[in-house]
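Trainee: I'm new to this one, so please walk me through how to read it, feature by feature.

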Amino acid sequence: MGRETLQTNLVWNRLGTTTEEMYEVASKLAFSSSIRDRADNASSICTVDGEVIGSSKRSTPVLSGANRSTVRTLLEGRYPLEALSPGDAIVTNDPWFVGGHLSDVAVVSPIFDDGTLRCLASSIGHVADIGGSIGGWSIDTRDVYEEGIRIPPTKLYENGTINDEVRRFVRANVRLPDKVMGDVEALRSANTFAEARIEEIVDEFGAETFERATEDITALSRERLRNHVGAVDDGTYRSGGTWTVPRGSEPDVSFRVELEAVIDGRTIAFDFSGTSDQVAVGINCPSGNLRGMISYIVRSMIVPESEKTESVDGVFDLSVPEGSVVDPRRPAPTGGRHITLFPASYCVIDALGKAIPEAAMAWPSGGQRVVIDGTDETGRTFLGVNTAISPWPARSGKDGLDCQAFPTNVKNLPIEMMELYTPIRVLSNNLVPDTEGAGRTRSGFAQELRLHNPTTKEFNVSLTSGASDRPEGVQGGSAGRAASVESRTRSRDLPLNGSFPIDPGEVIRLRSPSGGGFGPPDERDAERLERDVESGLITPTRAEAVYGYDPADE
């Protein structure tokens with residue numbers, strides 16, 4: 001290994017470590033549970049051209065991909081390089097190039113050394129509240145204006161001094177101003193930490209070596225990814241489906257995603273022509289979100305885990321029909337954009353799985369996102385966020401994982417934290433037996449939450465559970481389970497997507513969906529099936545009926 005190559009790898013490793021530390025700073029300092037406890041944030045470092053050269057592995061993929069588009073858009077539009085100064089911090093939550101909905105706020109900070117702009121740090125997180133619809137995930141909106149306050153790219157800090165007018169403006173338009181601004185300051189602190197680390201790296205290796213290394217990181221990433229794409233058989237691989245989103249008393253909304261993935265040499269073209277037009281319900285997904293998720297999927301499925309890559313520019317093309325649910329025109333509502341983003345991502349996974357059988361998997365499912373808000377018996381306003389996380393689907397040769405979100409990586413909020421932030425009590429949080437997508441390899445099991453309102457006050461629940469369709473199995477695998485929600489103490493229908501009150505004393509049960517199975521269930525390994533039965537996650541009755549299990553054979 002030559003000296004320059006060694007230096008590039010050392011700088012690359014240091015940049016990766018820096019982004020992990022950025023992520024930790026944002027998580028530790030954040031005021032809201034979404035960033036601090038649920039890991040709904042991302043940290044990256046970009047070149048002055050907007051290329052990602054370091055990103056935390058713990059970043060949630062949709063936001064990690066958004067860091068690049070955010071920095072690029074800022075540099076090409078509102079803030080060219082000459083408009084940046086040391087100590088600046090630019091804030092924005094525009095859904096069309098940040099996180100796809102208003103609750104995801106980005107803070108971008110230029111990093112200077114000896115008066116020269118070396119790179120930019122970008123941190124994105126789902127803040128506590130953004131005004132408008134409660135919790136930031138509602139689909140019951142007609143346009144983005146109903147969803148909350150939109151912050152155009154704006155310098156919150158300039159030359160190290162806060163713009164107090166911007167701060168007051170944001171605080172005046174959100175329900176939890178201390179938490180929201182605390183989250184924003186946590187993201188800025190992560191960038192400030194990165195600035196100190198970059199100064200150390202430049203001082204240690206020298207400015208010239210740092211500049212060359214960042215160029216090499218981009219070139220190496222692109223070349224590695226191209227080479228791995230080139231090893232996949234050329235061809236046209238298609239996927240698609242129709243999903244129905246139930247809305248309680250409101251009419252259901254259906255949308256279709258069509259994908260054609262063409263692998264030609266060392267490039268991939270993803271064409272979503274034929275996908276449904278945008279709708280007047282908050283499930284539209286800006287294409288920048290989809291691009292970021294595709295970047296993650298391509299690297300995950302094609303690049304060996306032992307190799308690092310960052311940039312995907314010039315490796316894949318994305319064609320999306322303007323005005324569709326995956327490229328809506330402003331001011332389309334996007335609050336529940338994950339309801340569309342995940343199926344579109346699944347189509348990418350399915351199409352690439354046909355090209356790379358060893359990386360194939362069954363159809364995943366989105367989890368249930370629940371926001372509970374109100375005023376408690378002391379008059380305190382509260383807002384709590386949690387997720388009944390759907391498990392991984394079955395994979396080629398591997399079972400799905402329980403309580404591991406896919407294709408995002410947010411966490412369950414610990415019961416103690418939910419009860420700390422809200423008056424709600426969690427009666428149980430467990431896996432549900434017999435809810436797997438059966439197959440030669442099976443999916444993980446659905447997660448169930450039972451929530452109790454022990455107070456004398458009525459609270460509001462905002463729920464997004466995604467589509468009512470059962471996630472499909474592949475190659476003979478069985479379908480997974482759809483999400484459900486019900487009241488355990490009174491007879492009434494509750495919407496899978498929408499808002500409803502939870503009365504004093506009422507108990508509601510949320511049950512996440514589960515992914516599909518892979519391969520015929522009767523081909524499941526006997527030892528694996530026996531362990532499932534012994535654990536109680538698959539009952540003997542289901543094991544016999546679905547898998548052909550016979551305890552007498554053991």
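Mentor: Let's start with a term: two strands count as paired if DSSP finds at least two bridges between them. Keep in mind that what you see is a predicted model.

Trainee: Which way do β10 and β11 run, parallel or antiparallel?

Mentor: The general idea is that strands of a sheet pair through backbone hydrogen bonds, in either a parallel or an antiparallel way. Here, β10 (residues 267-271) and β11 run parallel, joined by four bridges. Within that pairing, Ala269 stands opposite Asp317 in β11.

Trainee: Which residues of β11 are on its covered face, and which on the uncovered one?

Mentor: In a regular strand, side chains alternate between the two faces of the sheet. In strand β11 (residues 316-319), Phe316 and Leu318 make up the covered face, while Asp317 and Ser319 make up the uncovered one.

Trainee: How many bridges join β12 to β13?

Mentor: Eight bridges link strand β12 (residues 368-375) to β13, and the two run antiparallel.

Trainee: On to helices. Which residues of α11 are buried?

Mentor: When you read a helix, check which residues are covered and then where they sit around the axis. In helix α11 (residues 540-547), the buried ones are Arg542, Ala543 and Tyr547. Seen down the axis of α11, they fall within an arc of 100°, so they line one face of the helix. The face turned away from that buried side carries the exposed residues Thr541, Glu544 and Ala545.

Trainee: What do the buried residues of α11 pack against?

Mentor: They pack against α10 (526-535). Just after α11, there's also Gly548, which takes a positive phi of about 75°.

Trainee: Where is Asp113, and why does it count as buried?

Mentor: Asp113 is in strand β4 (residues 104-113). Its relative accessibility is 8%, which is why Asp113 counts as buried. Beyond the neighbours within four places in sequence, Asp113 is in contact with Arg118, Glu199, Val202 and Asp203.

Trainee: Let's zoom out. How many helices and strands does the protein chain have?

Mentor: The protein chain has eleven helices and 19 strands. Its radius of gyration is 23 Å, close to the 24 Å that the globule rule gives for 554 residues, so the chain is as compact as a globular protein of that length.

Trainee: What share of the residues is buried?

Mentor: Buried residues make up 60% of the 554 in the protein chain. As for contacts with a separation of 6 or more, 72% come from residues 24 or more positions apart. The accessible surface comes to about 20900 Å², with 46% of it belonging to carbon and sulfur atoms.

Definitions and conventions: Residues are numbered from 1 along each chain as its sequence is written. This is a predicted model: local features need pLDDT of at least 70, side-chain atom pairs count only at pLDDT 80 or more; totals for chains, interfaces and linings use all residues. Side-chain values use heavy atoms; hydrogens and water are left out. The radius of gyration is taken over C-alpha atoms; the globule rule is 2.2 Å times the number of residues to the power 0.38. Buried means under 20% relative accessible area, exposed over 50%, partly exposed in between (1.4 Å probe, protein chains only). Contact means heavy atoms within 4.5 Å. Accessible areas come from the Shrake-Rupley method with a 1.4 Å probe; for residues, only the protein chains shown count as cover. The arc is that of the directions from the helix axis to the C-beta atoms.
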